[in-house]
Amino acid sequence: MKEDQGQSVVAILFRDCDGTRSSPRSEWDDKRKSIVSGFKLAGLRTGVAMVPKTKSECWLLCAVQEGQSYRDCARFEELSGNDSSEKGAPKKVLREALGEEGTSELLNDLIRNGTIDPIRIDMPSFNAFKEDLEEAIRIAMKE
């Protein structure tokens, strides 16, 4: 609880996994566990690891993929985290799906107008984030 204001705090630490096809399979899990351990060591029960696999653009691709929004999205977590990859770099794939650069302004507008509905995204790394966030909020509400 933030004692000076009498409010609970939920802290979110965001870090793309940035893995490539040659990265160890445990990379995402290792990064996530490291963040969770850091929050525990600091005594923050409401700390949340936000670690998209491989990048946050993969989560957004789930919603904007042509013709099958929100279906078969786990496959995006296998894209390369290397932005200079000729094929399959999440930023490039997202740009192609949107028909333009995925700026924060555009993406915020797509969320606000309902084109991107975060509740419908079903991907292992996103689900881990959602579950951790929900638990942190439950804990914060009790404090």
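Trainee: Why does Tyr-70 count as buried?

Mentor: A residue is called buried when its relative accessible area is under 20%, exposed when it is over 50%, and partly exposed in between, judged with a 1.4 Å probe and protein chains only. Tyr-70 has 12% relative accessibility, so it counts as buried. Please note that this is a predicted model, in which local features need pLDDT of at least 70 and side-chain atom pairs count only at pLDDT 80 or more, while totals for chains, interfaces and linings use all residues. Residues are numbered from 1 along each chain as its sequence is written, and side-chain values use heavy atoms, with hydrogens and water left out.

Trainee: Is Asp-72 buried or exposed, and how do you know?

Mentor: The relative accessible area of Asp-72 is 52%, and therefore Asp-72 is exposed.

Trainee: Which peptide bond is cis?

Mentor: The bond joining Lys-53 and Thr-54 is cis, with omega about -10 degrees. Thr-54 belongs to the loop between β2 and α2.

Trainee: How do you know that a disulfide joins Cys-62 to Cys-73?

Mentor: The term requires a pair of cysteine sulfur atoms within 2.5 Å. The sulfur atoms of Cys-62 and Cys-73 are 2.1 Å apart, and the pair is a disulfide. Cys-62 sits in helix α2 (residues 56–64) and Cys-73 in the loop between α2 and α3 (90–98), 11 residues apart, and the pair links distant parts of the chain. The link is right-handed, with 80 degrees about the S-S bond. Cys-62 is buried at a relative accessible area of 0%, and Cys-73 is buried at 3%.

Trainee: Why is Cys-17 in no disulfide?

Mentor: The nearest cysteine sulfur to that of Cys-17 belongs to Cys-58 and is 9.8 Å away. Cys-58 is likewise in no disulfide. With a relative accessible area of 2%, Cys-17 is buried, and Cys-58 is buried at 0%. By this rule the count is 1 disulfide.

Trainee: What makes α2 largely enclosed by the rest of the structure?

Mentor: Of the 9 residues of α2, 8 are buried, and so the helix is described in that way. Among them are Glu-57, Trp-59 and Leu-61. The buried residues of α2 pack against β2 (47–50), α3, α4 (104–112) and α5.

Trainee: Which residues touch the most other members of the largest nonpolar core?

Mentor: A nonpolar core is a set of buried Ala, Val, Leu, Ile, Met, Phe, Trp, Tyr and Cys residues joined through side-chain atoms within 4.5 Å. The largest one has 24 residues, of which Phe-76, Leu-98, Ile-116 and Met-123 touch the most other members. The largest share of this core, 7 residues, comes from α2. Contact means heavy atoms within 4.5 Å; not counting residues up to four places away in sequence, Met-123 touches residues including Cys-58, Cys-62 and Cys-73. Apart from this core lies another, of 7 residues, among them Cys-17 and Phe-39.

Trainee: Which residues form a nonpolar patch on the surface?

Mentor: They are Val-10, Ile-12, Ile-137 and Met-141, with about 370 Å² of accessible area together. Patches are made of residues with over 30% relative accessible area and no salt bridge; like charges are joined within 9 Å, and nonpolar side chains (Val, Leu, Ile, Met, Phe, Trp, Tyr) within 5 Å. A salt bridge is a side-chain nitrogen of Lys or Arg within 4 Å of a carboxyl oxygen of Asp or Glu. Accessible areas come from the Shrake-Rupley method with a 1.4 Å probe; for residues, only the protein chains shown count as cover. Ile-137, found in helix α5 (residues 124–142), has a relative accessible area of 39% and is therefore partly exposed.

Trainee: How many helices and strands are in the chain?

Mentor: The chain has 5 helices and 2 strands, running β-α-β-α-α-α-α from the N terminus on. Buried residues make up 36% of its 143 residues.

Note on methods. Helix = DSSP H or I, 4+ residues; strand = E, 2+ residues; numbered from the N terminus.
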